[in-house]
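Here is a short briefing to read alongside the structure. Have the viewer open and follow the aromatic rings as you go.

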Amino acid sequence: MTQNADRFDRWIRGGFVQMNTQLEELYFAQADRAAIEGVGGDIKARLVEEGRGFIVALLHEGNTDEGFESAFSVLANVGLYMAACRRHEVTPPDAEGPSLLREASALALHLGASMGVTPRFATSHLTTHNPAVLGSYKCFTTLPAEQVFLEYNTRGIFAYKRAADALTRILPLGVSHPVAYDLLGDARDALADVAHYNQVLFDKLDTQRFFYCVRPYYKPYKVGLHEYRGANAGDFSGINEIDLLLGLCNGNNIAYSQLLVDKFLFMMPEDQARLRDCLRRQSLLDALLAELPAAASQGWFQRNAGRFLEVCKAHGTAAAQHHDQLVRRFIEAPSAALPEHRLTHITASGPPLPVLLGSLERLRDLRMAAPRDDIPSRHADLARLARACGG
């Protein structure tokens with residue numbers, strides 16, 4: 001990391017966090033916590049100018065890439081800065097023309113294009129690739145709600161990755177291999193960990209603090225001429241690898257493949273490669289069904305197919321839990337209390353809240369293999385497999 005990059009990083013971990021926290025305390029103390037216009041103007045101006053100074057120095061340096069991790073860290077920092085400016089309405093969401101943060105946009109576009117990722121901060125910047133210094137990782141504020149949100153999301157993401165890794169290791173062995181049973185058990189246990197972390201998050205996260213003081217940093221913002229959707233907790237390949245390898249979702253489903261296309265550049269390059277590989281593989285469900293009815297009475301089929309059904313149940317449980325508890329409590333319910341004019345830019349992904357909720361419900365039901373005729377659910381196929389296992 002160059003001296004300019006190091007100075008910027010230390011500011012992001014220090015003064016930047018302090019100013020954001022001061023502003024959040026001012027906003028939260030108001031009767032209308034969403035009314036941030038005209039509040040803390042001096043702090044906002046200082047945040048913008050101090051950040052701009054570090055970014056201009058990096059642009060003049062012209063060498064921000066000393067390897068992927070260094071460049072990715074710089075992109076994280078400029079992205080956090082731009083997201084904070086959007087959160088504090090320094091860069092209005094509906095402003096015409098290019099982003100008002102010209103230098104930040106130039107740096108973000110340069111870095112994003114050179115690495116093959118979106119030119120804004122993504123989930124991995126604050127979770128799986130968020131290096132701690134003396135025990136402290138990057139964040140927007142010092143609020144406990146943000147700490148809970150980041151730490152349990154990170155734990156959940158790594159648990160999903162463990163499950164995906166276990167399922168991927170079955171591919172070169174085949175579904176009838178004795179060790180496939182063990183790997184399916186590993187995947188099931190990792191998904192149980194996801195559900196555990198979801199529950200802890202549900203129990204510990206302060207709804208009001210999250211909705212008003214954490215969520216706004218994940219909104220869409222403009223880089224250069226284009227607005228990029230906000231960072232999403234699902235912007236990693238593991239959860240989709242599980243969808244595809246289990247066979248609960250399919251790349252031929254236009255709605256699901258659109259979701260994948262939209263998130264590719266929000267993922268790490270290695271995640272992009274893993275997901276592309278999964279898209280060309282036969283699912284484990286289809287591999288098991290192909291053995292019916294001939295293998296139904298064989299011991300390997302009863303063991304491995306039974307364990308496979310346990311993995312599908314665990315994946316569906318975590319999906320239902322995320323939507324029915326987390327989304328409803330921390331987004332849908334508090335949004336209902338807002339006046340109409342505050343709902344325009346409420347979602348990180350861009351579409352109106354009812355549209356977003358509808359798409360999340362369909363995705364939940366695909367992962368649960370729910371009995372629905374309006375989506376390509378694998379409910380009937382899982383029921384057939386369960387019957388073959390004596391269920």
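Which residues form one aromatic cluster? In this predicted model, the members are Phe 8, Trp 11, Phe 16, Phe 54, Tyr 81, Phe 121, Phe 140, Phe 149, Phe 210, Tyr 217 and Tyr 218. Searching the whole structure turns up 16 aromatic pairs, and two of them are worth a look below.

**Phe 8 and Phe 54**
- These two rings are stacked, at 6.0 Å centre to centre with 20 degrees between the planes.
- Phe 8 belongs to helix 1 (residues 3–13) and Phe 54 to helix 3 (residues 41–61), so the pair links parts of the chain 46 residues apart.
- Phe 8 is buried, at 0% relative accessible area, whereas Phe 54 is partly exposed, at 22%.

**Phe 140 and Tyr 217**
- This pair is also stacked, with 4.3 Å between centres and 20 degrees between planes.
- Phe 140 sits in the loop between helix 6 (123–126) and helix 7 (144–170), while Tyr 217 sits in the loop between helix 9 (207–214) and strand 1 (221–223).
- The two residues are 77 apart in the chain.
- Phe 140 is buried, with a relative accessible area of 0%, and Tyr 217 counts as buried at 1%.

**Charges over rings**
- Arg 215 places its charged end over the ring of Phe 211, 4.4 Å from the ring centre.
- The charged end of Arg 229 lies over the ring of Phe 266, 3.8 Å from its centre.

**A buried loop residue**
- Thr 91 is found in the loop between helix 4 (68–87) and helix 5 (102–115).
- Its relative accessible area is 11%, so Thr 91 falls under the 20% cut-off for buried.
- Leaving aside residues up to four places away in sequence, Thr 91 touches Cys 85, Arg 86, Leu 100 and Leu 101.

How values were computed
Residues are numbered from 1 along each chain as its sequence is written. This is a predicted model: local features need pLDDT of at least 70, side-chain atom pairs count only at pLDDT 80 or more; totals for chains, interfaces and linings use all residues. Side-chain values use heavy atoms; hydrogens and water are left out. Helices (H or I, at least four residues) and strands (E, at least two) are DSSP runs, numbered from the N terminus. Buried means under 20% relative accessible area, exposed over 50%, partly exposed in between (1.4 Å probe, protein chains only). Contact means heavy atoms within 4.5 Å. Rings of Phe, Tyr and Trp (its six-membered ring) pair if their centres lie within 6.5 Å; planes under 30 degrees apart count as stacked, over 60 as edge-to-face and the rest as tilted. A charge sits over a ring if NZ of Lys or CZ of Arg is within 6 Å of the ring centre and within 35 degrees of the ring normal.
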